[in-house]
Amino acid sequence: LDFHGPMEELKFWENRAEDLDGISKQLQDPEVKYILSYLKNTNSKYLKTLEHLAVRLLVGAGEAAKNVKVLKLLQNPCDQLSSLDVADMPSIMMSFLNCVRLIHLNSTNFG
């Protein structure tokens, strides 16, 4: 079984958001903008592909940021669960399940 849990999922999306944000910032670099401008001015056949990738990158960065925001709802309940004895876990299960319910209702990726 390959199950890592919600905190590993959160870490994955935090890393992805950081990576995509870094690439997005690189696209704003003046040298990159100059190259894109040159490709546009020369009617390069590569421009359309690069623009498409840039849009996908921005969409992916937004998706990753939303996923981080949503999954952070589980951080406190998961931290609590990991520190409790099994017999004490029912005391916070309602809080945990309410977080899961909120994520299910409000997230397009985890619903």
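A residue counts as buried when its relative accessible area is under 20%, as exposed when that area is over 50%, and as partly exposed in between. With that in hand, let us walk through this structure, which is a predicted model.

**How confident is the prediction?**

The chain has an average pLDDT of 90, and 96% of its residues score at least 70. Among the elements of the chain, helix α2 (residues 30-41) has the highest confidence, at 94, while helix α4 (residues 75-83) has the lowest, at a mean of 87.

L57 sits in helix α3. Its relative accessible area is 11%, so L57 is buried. Y34 belongs to helix α2 and, because its relative accessibility is 59%, counts as exposed. S95 is part of helix α5; at 39% relative accessibility, S95 counts as partly exposed.

N43 is exposed, with a relative accessible area of 67%. There is something else to notice here: the phi of N43 is near 55°, a positive value in a residue other than glycine. As background, most residues other than glycine have a negative phi.

**Distances along the chain and in space**

| Pair | Apart in sequence | Apart in space |
|---|---|---|
| L57 and L81 | 24 residues | 35 Å |
| Y34 and R16 | 18 residues | 27 Å |
| S95 and T49 | 46 residues | 46 Å |

**Where α1 meets α3**

Let us return to L57. Leaving aside residues up to four places away in sequence, L57 touches L20, I23, S24 and L27. The axes of α1 and α3 come within 8 Å of each other and cross at roughly 145°, and α1 passes α3 in a left-handed crossing.

**Where α4 meets α5**

A second pair of helices packs at an angle of about 145°: α4 and α5, whose axes are 9 Å apart. Here, too, the crossing is left-handed. From α4 come P77, C78, Q80 and L81, and they meet I92, M93, S95, F96 and C99 of α5. The residues of this contact divide into 7 nonpolar, 2 polar and no charged. The partly exposed S95 is thus among the residues of α5 that meet α4.

**The nonpolar core**

Which residues touch the most other members of the largest nonpolar core? They are W13, V68, L71, L74 and F96, out of 14 residues in that core. Helices α1 (6-27), α3 (47-71), α4 and α5 (90-106) each supply at least two of its residues.

Not counting residues up to four places away in sequence, W13 touches E63, A64, N67, V68, L71 and F110. Two of these neighbours, V68 and L71, are named beside W13 among the core residues that touch the most other members.

Definitions and conventions
Residues numbered from 1 in each chain as written. Predicted model: local features only at pLDDT ≥ 70, side-chain atom pairs only at ≥ 80, totals over all residues. Heavy atoms only, no water. pLDDT = per-residue confidence, 0-100. Helix = DSSP H or I, 4+ residues; strand = E, 2+ residues; numbered from the N terminus. Core = buried A, V, L, I, M, F, W, Y, C linked by side-chain atoms within 4.5 Å. Buried < 20%, exposed > 50% of the residue type's maximum accessible area, 1.4 Å probe, protein only. Contact = heavy atoms within 4.5 Å. Axes fitted to C-alpha atoms, helices over the stretch in contact; angles between N-to-C directions. Left-handed = near helix turned anticlockwise from the far one by under 90°. Nonpolar A, V, L, I, M, F, W, Y, C, P; charged D, E, K, R; others polar.
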